[in-house]
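The sequence and structure come next.

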Amino acid sequence: KLPPELNLQELEDYRDKLKRQQAAVSKRVADLILEKQPSYVKELERVTALQTNLQLGAVICTNARRQLRVAKEEFTEASLGLLANQKRRQLLTGLLKSLRTIKTLQRTDVRLSEMLEEEDYPGAIQLCLECQKAASTFKHYSCIRYSTNRMMLWLN
């Protein structure tokens with residue numbers, strides 16, 4: 001914005017005018033900063049508090065993930081333990097059922113002896129045939145094999 005002819009006085013006047021404008025603008029900016037400083041301080045405090053909360057949230061998330069991983073491992077171990085216990089229970093339940101059947105077959109052996117002493121041969125034969133059917137599923141046990149052989153000897 002220089003004039004066609006340069007005049008030192010005019011340039012200095014123009015420079016002084018710009019300096020005054022700059023001073024007025026700087027004063028106004030400074031006034032606005034001072035006026036808004038409480039808001040700025042409050043906002044800065046909020047930002048600092050938010051930053052602190054975010055850091056705390058990150059720590060909480062990290063701890064939660066760690067605890068979740070531990071809980072998952074413990075849950076898996078507990079689940080496997082429960083499954084093993086359930087399988088063992090099923091096996092023991094089956095064994096108990098087999099033992100009860102064997103006990104019934106043993107009592108049948110005693111009843112068969114009684115029937116033979118009473119000379120109830122048809123009843124003894126019927127009971128022996130029923131026992132043979134029941135014993136066929138448990139023939140892998142030596143006590144059943146022995147009782148079955150004994151009954152067969154009695155029948156002969």
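The points below are grouped by topic.

This is a predicted model, in which local features need pLDDT of at least 70, side-chain atom pairs count only at pLDDT 80 or more, and totals for chains, interfaces and linings use all residues. Residues are numbered from 1 along each chain as its sequence is written, and side-chain values use heavy atoms, with hydrogens and water left out.

- Buried means under 20% relative accessible area, exposed over 50%, and partly exposed in between (1.4 Å probe, protein chains only).

**Salt bridges**
- There are four salt bridges, each a side-chain nitrogen of Lys or Arg within 4 Å of a carboxyl oxygen of Asp or Glu.
- Arginine 15 pairs with aspartate 16 at 3.8 Å, N to O.
- Arginine 15 is partly exposed at 44%, and aspartate 16 is partly exposed at 31%.
- Arginine 46 and glutamate 43 have their closest N and O atoms 3.3 Å apart, and they sit three residues apart in helix H1, about one helical turn.
- Arginine 46 is exposed at 57%, whereas glutamate 43 is partly exposed at 40%.
- Glutamate 114 and arginine 111 form a salt bridge of 3.5 Å, N to O, and lie three residues apart in helix H1.
- Glutamate 114 is partly exposed at 37%, and arginine 111 is partly exposed at 36%.

Notes: Helices (H or I, at least four residues) and strands (E, at least two) are DSSP runs, numbered from the N terminus.
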